[in-house]
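User: I'd like to talk through a few local details of this model with you. Shall we start?

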Amino acid sequence: MFAFGPETGHENSEDSGPLLIPLRFVWPYGGRRVFLCGSFTRWSEHIPMSPMEGCPTVFQVIWSLSPGYHQFKFFVDGEWRHDEHQPFINGNYGVVNTVFIAREPDMVSPNFSPETPGRSNMDVDDVFIRSEPVPTISDADLEVSRHRIAAFLSRHTAYELLPDSGKVIALDVNISVKQAFHILHEQGIPVAPLWDSCKCQFVGVLSVLDFILILRELGNHGSNLTEEELETHTISAWKEGKGHLSRQIDGNAISYLRRLVHAGPYDSLKDVAMKILKSKVATVPITHSSSQDGSFPQLLHLSTLSEILKCICRHFKHSSSSLPILQQPICSIPLGTWLPKIGESNGRPLAMLRPNASLGAALSLLVQAEVSSIPIVDENDSLLDIYSRSDITALAKDKAYAQIHLDEMSIHQALQLGQDANSFNGQRCQMCVRSDTLHKVMERLANPGARRLVIVEAGSKRVEGIISLSDVFRYLLGV
């Protein structure tokens with residue numbers, strides 16, 4: 001994979017020497033040490049490639065080549081490799097990839113034709129390249145894959161999600177809202193079930209969406225909720241007032257009142273996944289009661305789609321060939337939300353913001369678009385960061401929410417408040433590229449804390465789309 005870059009000071013004249021055109025070479029298949037070598041280095045120099053920030057399995061390097069025909073290979077962890085998704089031939093150095101650079105950058109290379117083995121994955125800035133169509137999966141293979149996944153999920157139960165040891169945090173409905181969100185921040189959790197001691201039942205959940213709605217209500221000049229009331233305002237009182245808020249906020253019909261969605265330890269994994277998808281929640285509590293009336297239930301676990309996906313990946317790890325859809329590149333299947341191409345309509349636009357946008361704008365977009373995260377991009381739409389609902393709990397630290405105005409604080413400033421609090425293994429932005437297979441995407445999303453992947457263009461990190469856990473499950477289950 002490679003892309004033409006802008007010319008960097010080389011001019012096509014007799015005085016300035018030969019024309020050189022910078023190309024970006026990309027190896028998106030992982031490794032510890034990756035080098036580029038080719039006819040343009042006389043097959044003697046190994047050009048080191050660097051992993052792309054936020055996407056450690058993608059290596060890249062920019063190298064200037066003269067117009068003409070070139071061959072190249074990749075040296076990955078001491079082994080010569082070629083990219084089967086690019087044009088390749090059998091040459092003097094074995095199987096090698098090829099590229100033809102025309103003197104005029106807008107000319108189409110004759111190598112990128114349907115007769116050439118392999119296919120082109122080129123991402124080219126401001127250059128038109130005719131690439132081969134991406135292979136699509138047959139309806140029969142799709143149905144076979146979905147049937148096998150559904151059968152596996154139906155045979156296994158939520159009991160298998162329970163860890164050998166751990167803790168589950170629940171909140172009493174009579175504690176103050178302020179105390180509750182301090183607990184969410186300190187424990188690093190985005191949601192907690194709510195216990196009503198009078199009813200002897202779990203009656204709901206408190207999530208970061210509640211905190212977002214409260215902050216917006218505090219910033220509303222006509223609000224009856226004041227900062228001082230957060231000290232004594234109980235979760236129960238907030239939930240009671242939430243129905244009125246859902247009718248008034250933004251003048252829309254979004255309802256923020258939801259009944260508690262829960263599952264039992266012997267419910268199938270498919271049932272748990274469907275409850276999460278239909279209810280549009282991040283987690284479903286696993287509870288169990290020995291009483292006939294269901295009172296005094298035990299809270300066993302908070303199940304997530306990530307855990308269920310991990311079960312799928314583990315089960316089919318050594319039999320992935322039985323699921324044809326796993327080897328499909330994500331760009332070839334209806335998965336996730338993508339930026340529309342020129343002249344193409346898109347029913348669900350991809351929400352993005354600049355880092356200087358206000359925090360208030362970000363919170364409004366999270367609520368109105370009903371999304372859990374927003375890519376933060378620069379003027380070229382290259383990914384800089386991501387703002388998620390869970391980031392809002394950082395404002396509980398040192399009572400930051402009491403010292404800010406939502407329309408005056410930028411997203412960049414808000415992210416700095418919690419830059420260490422909500423990172424996943426030191427990386428906030430989990431990324432993938434359009435050529436990644438569904439299997440690779442599933443393995444990354446199965447990691448704890450990775451709820452979505454931003455699809456970026458290799459090299460430039462321009463945002464092309466986003467894939468969430470719910471997107472993957474809707475596709476796998478056909479819902």
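User: Is Lys440 buried or partly exposed, and what is its relative accessible area?

Analyst: Quick background: this is a predicted model, where local features need pLDDT of at least 70, side-chain atom pairs count only at pLDDT 80 or more, and totals for chains, interfaces and linings use all residues. Residues are numbered from 1 along each chain as its sequence is written, and side-chain values use heavy atoms, with hydrogens and water left out. Buried means under 20% relative accessible area, exposed means over 50%, and partly exposed is in between (1.4 Å probe, protein chains only). So Lys440 is partly exposed, with a relative accessible area of 21%.

User: Which residues are linked with Lys440 in a network of salt bridges?

Analyst: A salt bridge here is a side-chain nitrogen of Lys or Arg within 4 Å of a carboxyl oxygen of Asp or Glu. Asp436 meets Lys440 that way at 3.6 Å, N to O, and Asp436 also meets Arg444 at 3.4 Å. The residues linked with Lys440 in the network are therefore Asp436 and Arg444.

User: Are Asp436 and Arg444 buried or exposed?

Analyst: Arg444 has 14% relative accessibility, so it counts as buried. Asp436 has a relative accessible area of 2%. That puts Asp436 in the class buried as well.

User: How many salt bridges does the structure hold?

Analyst: Side chains of opposite charge can pair when their charged atoms come close. One of the salt bridges joins Arg146 and Glu143, at 3.9 Å from N to O. Overall, the count is six.

User: What separates Arg146 and Glu143 along helix 1?

Analyst: Helices are DSSP runs (H or I, at least four residues) and strands are too (E, at least two), numbered from the N terminus. Arg146 and Glu143 sit three residues apart in helix 1, so the separation is about one helical turn.

User: How do helix 1 and helix 11 cross, and which residues of helix 11 make the contact?

Analyst: Axes are lines fitted to C-alpha atoms, for helices over the stretch in contact, and angles run from 0 to 180 degrees between N-to-C directions. Those of helix 1 (residues 139-155) and helix 11 (residues 469-477) come within 8 Å and cross at roughly 110°, which means helix 1 is roughly perpendicular to helix 11 (65 to 115 degrees; under 35 is roughly parallel, over 145 roughly antiparallel, the rest oblique). Contact means heavy atoms within 4.5 Å. Helix 1 brings in Leu142, Arg146, Ile149 and Leu153, and helix 11 contributes Tyr475, Leu476 and Leu477.

User: At roughly what angle do the axes of helix 1 and helix 7 cross?

Analyst: Helix 7 covers residues 305-315, and its axis comes within 11 Å of that of helix 1. Helix 1 is roughly perpendicular to helix 7, because their axes cross at roughly 115°.

User: Where is Ser207 found, and which residues is it in contact with?

Analyst: Ser207 belongs to strand 13 (residues 201-207). Its relative accessible area is 18%, so Ser207 is buried. Leaving aside neighbours within four places in sequence, Ser207 is in contact with Phe181, Pro190 and Val191.
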